[in-house]
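Here's a quick briefing on ring pairs and charged pairs. Have a look at the model first, then we'll go through the contacts.

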Amino acid sequence: MTGSETSYVQYLHKIIHSSRLPFLLGLIIVLLYIAPVLIQWEDAPVLNHDCLDSNVVWYLILGQSGKLFGSYDGTIEQIMGGISRNSFPSEFNVVTLLFTFFEPITAYFLNFSIIHLIAFIGMFFFLREFYPGGKEYRYLIPGVSCAFALLPFYPPAGLSIAGLPLMLYGFFSLIRDGWRLWSLLPLILYSFYSSGVFTGYFLLPILFLYCVLISVYQRKVLWRGIYAIFFAGLLFLICDYRLFWEMFLNNSSISHRVEFSSIGLPFIDTFQTGYGMLSSGQYHAESLHQLIVPVLWVSLALMVIHQLGKKRDI
């Protein structure tokens with residue numbers, strides 16, 4: 001073997017055993033998932049219901065109205081003879097800003113690409129840092145991160161679901177390392193690039209309950225976690241200040257939803273609807289996970305049988 005061939009083999013061996021290779025392979029898979037959309041561009045499929053027929057229109061009307069940073073008591077005349085500016089998305093939300101400063105098709109696919117990339121990166125760092133022995137699983141953690149990033153997220157929601165691992169990474173990093181930049185940035189990004197109504201205002205109470213349980217278990221108040229929750233809550237309040245104004249401070253505001261007929265579902269119907277979404281997917285983000293569900297049930301049954309067998313041996 002010549003010297004050049006030897007150096008090439010050594011270089012190839014170095015790449016294969018590099019700690020960064022699994023991450024790069026996962027990133028390449030996510031980029032390949034995004035690529036067809038960017039290549040097809042205007043011919044690429046776009047979510048219609050509750051997206052192209054609503055959210056995208058709201059962003060465009062808001063941008064064309066010139067009232068992105070309008071007064072809290074301002075109105076947008078293009079809809080229903082004029083409705084409150086506060087009924088539209090916040091000017092501090094990243095999705096709103098994307099549709100304000102870019103063409104609609106560019107903003108939509110830029111948002112789509114960012115969501116999936118952050119989903120992969122966030123899950124990767126969260127599992128690597130906080131999953132027990134995470135740094136030892138060279139290919140498992142990138143594989144799980146890649147699987148998460150390929151989920152069909154709801155684009156108008158931004159990082160509401162896709163950014164949860166990144167947000168948790170920032171939360172637990174702040175508890176472990178204190179108020180450092182890499183702990184704060186995920187919290188800031190998630191607060192301004194997600195919907196508090198979709199996830200944020202439910203996530204924060206769950207994290208607070210976690211802090212309470214850990215404090216009771218350790219007999220020591222988890223102050224860093226509580227401070228992180230209040231910090232994220234403050235950021236959500238800043239981003240959604242119009243929503244809070246309309247709900248709690250503006251007594252003259254009357255929502256058009258007061259005319260809606262609210263039809264409640266019995267518990268059985270609610271359970272069936274929830275199970276149907278779990279097993280078949282939700283039409284806003286159709287999935288092919290039905291092929292995996294039977295495997296999961298079989299795996300769960302085998303685990304239970306295995307555990308019962310171990311107890312009998314004891």
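Is Arg128 buried, partly exposed or exposed? Arg128 is partly exposed, with a relative accessible area of 31% (buried is under 20% relative accessible area, exposed is over 50%, and partly exposed is in between, using a 1.4 Å probe and protein chains only). Keep in mind that this is a predicted model, where local features need pLDDT of at least 70, side-chain atom pairs count only at pLDDT 80 or more, and totals for chains, interfaces and linings use all residues. Side-chain values use heavy atoms, with hydrogens and water left out, and residues are numbered from 1 along each chain as its sequence is written.

**Salt bridges**

- Searching the whole structure turns up five salt bridges (a side-chain nitrogen of Lys or Arg within 4 Å of a carboxyl oxygen of Asp or Glu).
- Arg128 pairs with Glu129 in a salt bridge, at 3.2 Å from N to O.
- Arg128 and Glu129 also belong to a salt-bridge network together with Arg176 and Asp177.
- Glu91 has a salt bridge to Arg85, with the closest N and O atoms 3.2 Å apart.
- Glu91 has a salt bridge to Arg242 too, and here the closest N and O atoms are 2.9 Å apart.
- Glu91 sits in the loop between strand S2 (83-84) and helix H5 (94-101), while Arg242 is in helix H12 (residues 241-249), so this pair ties together parts 151 residues apart in sequence (helices, H or I with at least four residues, and strands, E with at least two, are DSSP runs numbered from the N terminus).
- As for burial, Glu91 is buried at 3% relative accessibility, Arg85 is buried at 0%, and Arg242 is buried at 2%.

**Aromatic pairs**

- There are 26 aromatic pairs in the structure (rings of Phe, Tyr and Trp, the last by its six-membered ring, with centres within 6.5 Å; planes under 30 degrees apart are stacked, over 60 edge-to-face, and the rest tilted).
- One of them is the tilted pair of Phe23 and Phe125, at 6.4 Å centre to centre and 55° between the planes.
- That pair links distant parts of the chain, with Phe23 in helix H2 (residues 21-40) and Phe125 in helix H6 (residues 104-130), 102 residues apart.
- Phe125 counts as partly exposed, at 28% relative accessibility.
- Trp41 and Phe109 make another tilted pair, 5.5 Å centre to centre with 45° between the planes.
- Trp41 is in the loop between H2 and helix H3 (48-52) and Phe109 is in helix H6, 68 residues apart.
- Trp41 is partly exposed at 29% relative accessibility, whereas Phe109 is buried at 1%.
- Ring pairs also build a cluster whose members include Phe23, Phe125, Tyr169 and Tyr210.
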